[in-house]
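Take a moment with the sequence and the fold.

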Amino acid sequence: MKNNYDSIADYYDVLSRMVFFRAQVKAQIQQLAAIPANSTILIAGGGTGWILEEIAKVHSSGLKITYVEISSKMLGRSKKREVKGNTVEYVHAAMEDFKPSGFYDVLITAFFFDNFSADNVGLIFKQLNALLKPGGIWLFADFYYTEKSGKRWQLLLLKSMYLFFSKISSVEAKTLINTEHFFEEQSYAIVKINFYYGSFIKAVIYQKSGRIIPVL
């Protein structure tokens, strides 16, 4: 099964911190203050679920979270997390197979789009964009590299990562696809942008056009 991290679920977080220290964690945690109280949230490809405990530190109750994860082992670890008074619906599915029952105030995609090939990135974006309410916010974090601004060590690290995860997790992507133009084409506003790990990681808070929800 493509993009499935079952085989490394038990040590994925350790591996992440060994390579990136806490840069991936910081990139996501520092966005959470933008989540409005009593929101409905969709987390696509949530991984081991540590983000649920961090969200609960910001909002200890009132959130309704849908947590979609293709890896059964990752999902199992997520279900053990302390979510306090928030409600979490755990969905074992690939995002492209997810059948939603409504729309969301907040989308969270952290190191998610880097899994998909150029043929599928646009389809995934279109699917997620359709699920976000007008004025809703999208917490986006991922690796960042362009031929114009990127550094050689970033390119080498990317190639190493894709080689490793293609063998271990059958990741379908062979290279990192830039997603900025998808948000621009849908007139998303950038609320906040931060870079981490030598600008190799980018975290952006986007807001969808339409009715505006106060953010930050």
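Ala, Val, Leu, Ile, Met, Phe, Trp, Tyr, Cys and Pro count here as nonpolar, Asp, Glu, Lys and Arg as charged, and the others, Gly among them, as polar. This is a predicted model: local features need pLDDT of at least 70, side-chain atom pairs count only at pLDDT 80 or more, and totals for chains, interfaces and linings use all residues. Residues are numbered from 1 along each chain as its sequence is written, and side-chain values use heavy atoms, with hydrogens and water left out.

Start with the second largest pocket. A pocket is an open set of points on a 1 Å grid over the protein atoms alone, where a 1.4 Å probe fits, with protein on both sides within 12 Å along at least five of seven lines; lining residues have an atom within 4 Å of a point. The volume of the second largest pocket is about 150 Å³, taken as the space filled by probe spheres set on the points, which are joined across faces, edges and corners. Its lining has five nonpolar, two polar and three charged residues. Among them are Tyr145, Glu147, Lys159 and Lys174.

Now the largest pocket. It holds about 830 Å³ of space. Its lining counts 45 residues, and Tyr5, Tyr12, Ala110, Phe111 and Asn115 are the closest to its centre. By class, 29 are nonpolar, ten polar and six charged. Helix α1 (12–20) supplies the largest share, seven residues. Helices (H or I, at least four residues) and strands (E, at least two) are DSSP runs, numbered from the N terminus.

Asn115 sits in the loop between β4 and α5. Is Asn115 buried or exposed? Asn115 is buried, because its relative accessible area is 7%, and buried means under 20% (1.4 Å probe, protein chains only). Its side chain reaches the backbone oxygen of Phe112 at 3.0 Å and that of Phe111 at 3.5 Å. Asn115 also touches Asn3, Tyr5, Val171, Glu172 and Ala173, not counting residues up to four places away in sequence. Contact means heavy atoms within 4.5 Å.

Last come the cores. A nonpolar core is a set of buried Ala, Val, Leu, Ile, Met, Phe, Trp, Tyr and Cys residues joined through side-chain atoms within 4.5 Å. The largest has 25 residues, and Phe98, Phe113 and Trp138 are among those with the most contacts inside it. Helix α5 (118–131) is one of the elements that give two or more residues to this core.

Terms used. Buried < 20%, exposed > 50% of the residue type's maximum accessible area, 1.4 Å probe, protein only. Polar contact = N/O pair within 3.5 Å; in protein donor to acceptor, adjacent residues only side chain to side chain.
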